Amino acid sequence: MKLVFATNNLNKLAEVQKMLPTSIELLSLKDINCFDEIDETETTLEGNAKLKADYITQKFGYNCFADDTGLEVESLDNKPGVYSARYAGLENDSEKNMEKLLSELENKSNRKAQFRTAIALNLNNKQFLFEGICKGKITQEKQGEKGFGYDPIFKPNGFNNSFAEMTSEEKNSISHRGNAINKLVTFLSKYKS
């Protein structure tokens, strides 16, 4: 089965590729010659995931899935949420996003947070939604060099390391995206058109 993953994020693509069974050929936007910038204009993670998946299916005709992920911090009314990638500005600068978040939490004792991923799958003219959540807390400072985005300041519950201190296999086994992708993979393995 060929499936397009509607993302230009090479880190995400590599992460997801490792999790899919070999029976699924994962295509990137580049593989289908899609160089369009798909604006995430919805106000929810689910809305953005649907928007991206629908864009690819309607314009290119492929079965496709898309995701949107947000970091939701309890003491900040679940911000940055849907605006996580551009929290400190439109340039999607991870360093600036982390700095802004850490400064906003400076005098707050509640550092509980969760990563949440929503996936929209368009398959044979039907749409299916999947969600994955990873609960944890925001660290006082950056820890680790691996990963991307907010990984250096997010420590999942039950672990002493931030996501940025884990191998990709360790992170995928517990992460929000890992949880959502596992639900997607389980669904695809049982799906009969």
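**Close-up views of a predicted model**

**View 1. Buried residues of helix α3.** In helix α3 (residues 94-104), the residues N97, M98, L101 and L102 are buried, where buried means under 20% relative accessible area, exposed over 50% and partly exposed in between, with a 1.4 Å probe and protein chains only. These residues cover an arc of only 125° around the axis, which puts them on the same side of α3; the arc is that of the directions from the helix axis to the C-beta atoms. The cover over the buried residues of α3 includes β3, β4 (79-81) and β6 (126-138), with contact taken as heavy atoms within 4.5 Å. Helices (H or I, at least four residues) and strands (E, at least two) are DSSP runs numbered from the N terminus. The model is predicted, so that local features need pLDDT of at least 70 and side-chain atom pairs count only at pLDDT 80 or more, while totals for chains, interfaces and linings use all residues. Residues are numbered from 1 along each chain as its sequence is written, and side-chain values use heavy atoms, with hydrogens and water left out.

View 2. At the start of α3, a side-chain oxygen of D93 comes to within 3.0 Å of the backbone nitrogen of E95. K100 lies over the face of Y87, at 4.3 Å from the ring centre; a charge sits over a ring if NZ of Lys or CZ of Arg is within 6 Å of the ring centre and within 35 degrees of the ring normal.

**View 3. The aromatic pair F5 and F65.** The whole structure holds six aromatic pairs, for which rings of Phe, Tyr and Trp (its six-membered ring) must have their centres within 6.5 Å, planes under 30 degrees apart counting as stacked, over 60 as edge-to-face and the rest as tilted. One of them, formed by F5 and F65, is stacked, at 4.6 Å centre to centre and with 15° between the planes. Because F5 lies in strand β1 (residues 2-5) and F65 in strand β3 (residues 64-73), the pair ties together parts that are 60 residues apart in sequence. F5 counts as buried at 1% relative accessibility, and F65 counts as buried at 0%.

View 4. F115 belongs to strand β5 (residues 112-123) and F163 to the loop between β7 (154-156) and α4 (168-174), so the pair ties together parts that are 48 residues apart in sequence. Both F115 and F163 are buried, and together with F154 they form one aromatic cluster.

Terms used:
A polar contact is a pair of N or O atoms within 3.5 Å; within protein, one must be able to donate a hydrogen and the other to accept it, and residues adjacent in sequence count only if both atoms are side-chain atoms.
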